[in-house]
Amino acid sequence: MNVVYRHETKFCCRYDEVDCVYDWLYLSPHAIRKHYPDRHINNIYFDWFNLQDASDNLIGLGRREKLRLRWYGDQDADSPKQLERKIRRDRLGTKRILQLESFSVDGMPRNTLAEQIVSRGSESRALELDLRLRNPVVRNRYLREYYQDYSGQLRLTIDQQQAFFSVDRDYDVLSANRVDYPLIVIELKYSDQELPRVRSIMNEFPLRPVRHSKYLAGLARMIEQPYF
């Protein structure tokens with residue numbers, strides 16, 4: 001299988017600052033326009049018992065991974081879902097996706113979630129290896145806007161209305177208290193070949209790049225520690 005690696009450059013802003021991003025998109029000579037309808041994204045992040053994935057991300061380890069369950073639309077929807085392993089290799093990243101049959105996490109205890117995922121995947125052995133020693137830790141939900149340039153090689157997303165939820169061991173994974181996130185997260189996604197052009201574009205962009213992880217931001221809020 002041909003694995004495609006790409007850059008993901010991130011920016012953050014407050015809600016009272018986001019107009020400058022929309023103004024830039026409207027006036028940009030690069031013809032960056034909407035190419036997909038807005039939709040809600042739901043994620044449940046898994047990690048080792050000692051939060052090794054979070055630690056690797058926090059220190060900026062060049063080779064690291066992250067595992068999450070993702071689905072679109074209503075958080076309690078009985079819908080197809082996918083298990084995503086995000087892989088980071090220095091400046092570049094990719095992800096492996098395992099498609100799952102439809103199910104709902106509504107009313108599902110945390111300690112049975114992995115079993116339910118495995119039962120709905122066509123590659124059950126691979127799923128078991130990923131999930132056997134990991135636990136669901138944090139859930140999040142946000143509204144994503146999708147943009148793309150004229151060449152189709154540069155993608156931009158805007159994530160807002162983001163909220164985090166802890167994933168309790170004994171109770172419904174949807175029942176945790178909600179913690180709203182005060183920032184909007186913007187990502188530029190592009191291949192290594194596009195890097196020279198994107199550097200020129202970023203010089204015109206109204207925000208400066210930052211290191212940011214939605215998983216770390218959510219985990220920090222669950223344990224009431226600063227991150228962003």
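Predicted model: local features only at pLDDT ≥ 70, side-chain atom pairs only at ≥ 80, totals over all residues.
Q: Where do I start? How many residues does the largest nonpolar core have?
A: The largest nonpolar core has 21 residues. Val21, Leu25, Leu156, Ile158, Ile186, Leu188 and Phe205 are the ones with the most contacts inside it.

Q: Let's pick one. What does Leu188 touch?
A: Leaving out residues up to four places away in sequence, Leu188 touches His7, Glu8, Thr9, Phe11, Leu154, Arg155, Leu156, Val198 and Met202.

Q: Which residues are closest to its centre?
A: Glu8, Lys10, Arg64, Arg88 and Arg91 are the closest to the centre, out of 26 residues that line the largest pocket.

Q: Which elements give two or more residues to that lining?
A: S1, helix H2 (52-58), strand S3 (63-72), strand S4 (79-89), strand S5 (92-103) and H5 do. The largest share of the lining, four residues, is from S1.

Q: How does the lining of the largest pocket split by class?
A: There are eleven charged, eight polar and seven nonpolar residues in the lining of the largest pocket.

Q: How much space lies in the second largest pocket?
A: About 510 Å³. Its lining has 30 residues, and Arg6, Glu8, Lys95, Arg155 and Lys189 lie nearest the centre.

Q: Which elements supply at least two residues there?
A: For the second largest pocket, those are S1, strand S2 (33-48), S3, S5, strand S6 (134-148) and S9.

Q: And how do the residues of that lining divide?
A: In the lining of the second largest pocket, 14 are charged, ten are nonpolar and six are polar.

Q: New topic: how many aromatic pairs does the structure hold?
A: The structure holds five aromatic pairs.

Q: Why is the pair of Tyr45 and Tyr215 called stacked?
A: Their ring planes are at 25 degrees and the ring centres are 5.2 Å apart, so the pair is stacked. The cut-off for stacked is planes under 30 degrees apart.

Q: Where do those two sit in the chain?
A: Tyr45 is in strand S2 and Tyr215 is in helix H6 (residues 214-222), so-called distant parts of the chain, 170 residues apart.

Q: Is Tyr45 buried or exposed? What about Tyr215, buried or exposed?
A: Tyr45 counts as buried, at 1% relative accessibility. Tyr215 counts as buried at 1% too.

Q: What kind of aromatic pair do Phe164 and Tyr181 form?
A: Phe164 and Tyr181 form an edge-to-face pair, with 80 degrees between the planes and 5.3 Å centre to centre. Phe164 is in strand S7, while Tyr181 is in the loop between strand S8 (178-180) and S9, 17 residues apart.

Q: Buried or exposed, those two?
A: Phe164 counts as buried at 0% relative accessibility, and Tyr181 counts as buried at 3%.

Q: Which residues do ring pairs link into a cluster?
A: Phe11, Trp24 and Phe205.

Q: What is Leu92 in contact with, leaving aside its neighbours within four places in sequence?
A: Leu92 is in contact with Tyr5, Arg6, His7, Ile87 and Asp192. Leu92 lies in strand S5.

Q: Last one: what's the phi of Ala31?
A: Phi of Ala31 is near 55 degrees, a positive value in a residue other than glycine. Most residues other than glycine have a negative phi.

Q: Where is Ala31, then?
A: Ala31 lies in the loop between H1 and S2, and at 30% relative accessibility Ala31 counts as partly exposed.

Q: And what about the phi of Asp90?
A: Asp90 is not a glycine, yet its phi is positive, about 60 degrees. Asp90 is in the loop between S4 and S5, and Asp90 is exposed, with a relative accessible area of 55%.

Technical notes: Residues numbered from 1 in each chain as written. Heavy atoms only, no water. Core = buried A, V, L, I, M, F, W, Y, C linked by side-chain atoms within 4.5 Å. Buried < 20%, exposed > 50% of the residue type's maximum accessible area, 1.4 Å probe, protein only. Contact = heavy atoms within 4.5 Å. 1 Å grid on protein atoms, 1.4 Å probe; cavity = no way out; pocket = protein on both sides within 12 Å on 5 of 7 lines; lining within 4 Å. Nonpolar A, V, L, I, M, F, W, Y, C, P; charged D, E, K, R; others polar. Points joined across faces, edges and corners; volume = space filled by probe spheres on them. Phe/Tyr/Trp six-rings, centres within 6.5 Å; stacked < 30°, edge-to-face > 60°.
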